[in-house]
Amino acid sequence: MIKKRLKAGDLVYAPQCSLLHREGVTTQLGEPTLLLVARQPVLREVDDIWCPVVYEGKRWLALRKDLYEPRRKDGDKVC
């Protein structure tokens, strides 16, 4: 889980089976995916629980608890 404050343009890692929500639609990721953090709305609830991300060219909301910092395959923390 990511604990740091995210800003638009950051990359986050979403594992397989993570759920994304958008306008009453929910989709489940079929494979691990890197997502781009979208611009944050002003709502505090979005900051604490949800994170706006870009997936397939559209803006979605992902649960912050499902997102992680991306890592390289060799285990290095710098991506």
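1. Strand 1 (11–14) and strand 4 run antiparallel and are joined by 4 bridges. Strands here are DSSP runs of E, at least two residues, numbered from the N terminus. Two strands pair if DSSP finds at least two bridges between them. Ala-14 stands opposite Thr-33 of strand 4.

2. A word on the basis of these points. The model is predicted: local features need pLDDT of at least 70, side-chain atom pairs count only at pLDDT 80 or more, and totals for chains, interfaces and linings use all residues. Residues are numbered from 1 along each chain as its sequence is written, and side-chain values use heavy atoms, with hydrogens and water left out.

3. Strand 4 also pairs with strand 5, again antiparallel, over 2 bridges. Leu-36 has Val-54 of strand 5 as its bridge partner.

4. The side chains of strand 4 alternate. Thr-33, Leu-35 and Val-37 point to one face and are buried (under 20% relative accessible area, with exposed over 50% and partly exposed in between; 1.4 Å probe, protein chains only).

5. The largest nonpolar core has 14 residues. Such a core is a set of buried Ala, Val, Leu, Ile, Met, Phe, Trp, Tyr and Cys residues joined through side-chain atoms within 4.5 Å. Val-12, Leu-20, Leu-35, Val-53 and Leu-67 have the most contacts inside this core. Strand 1, strand 4 (33–37), strand 5 (50–55) and strand 6 each give two or more residues to it. Strand 5 provides the largest share, 3 residues.

6. Look at Val-53. Beyond its neighbours within four places in sequence, Val-53 is in contact (heavy atoms within 4.5 Å) with residues including Val-12, Leu-20, Leu-35, Trp-60 and Leu-67.

7. Is Asp-10 buried or exposed? Asp-10 counts as buried because its relative accessibility is 14%. Asp-10 sits in the segment before strand 1. A polar atom of its side chain lies 3.0 Å from the backbone nitrogen of Lys-7. Leaving aside neighbours within four places in sequence, Asp-10 is in contact with Leu-35, Leu-36 and Val-37.

8. Asp-66 lies in the segment after strand 6 (58–63). Asp-66 is buried, as its relative accessible area is 18%. Its side chain makes a polar contact with the side chain of Lys-65 at 3.3 Å. A polar contact is a pair of N or O atoms within 3.5 Å; within protein, one must be able to donate a hydrogen and the other to accept it, and residues adjacent in sequence count only if both atoms are side-chain atoms. Not counting residues up to four places away in sequence, Asp-66 touches Tyr-13, Ala-14, Pro-15, Ser-18 and Leu-19.
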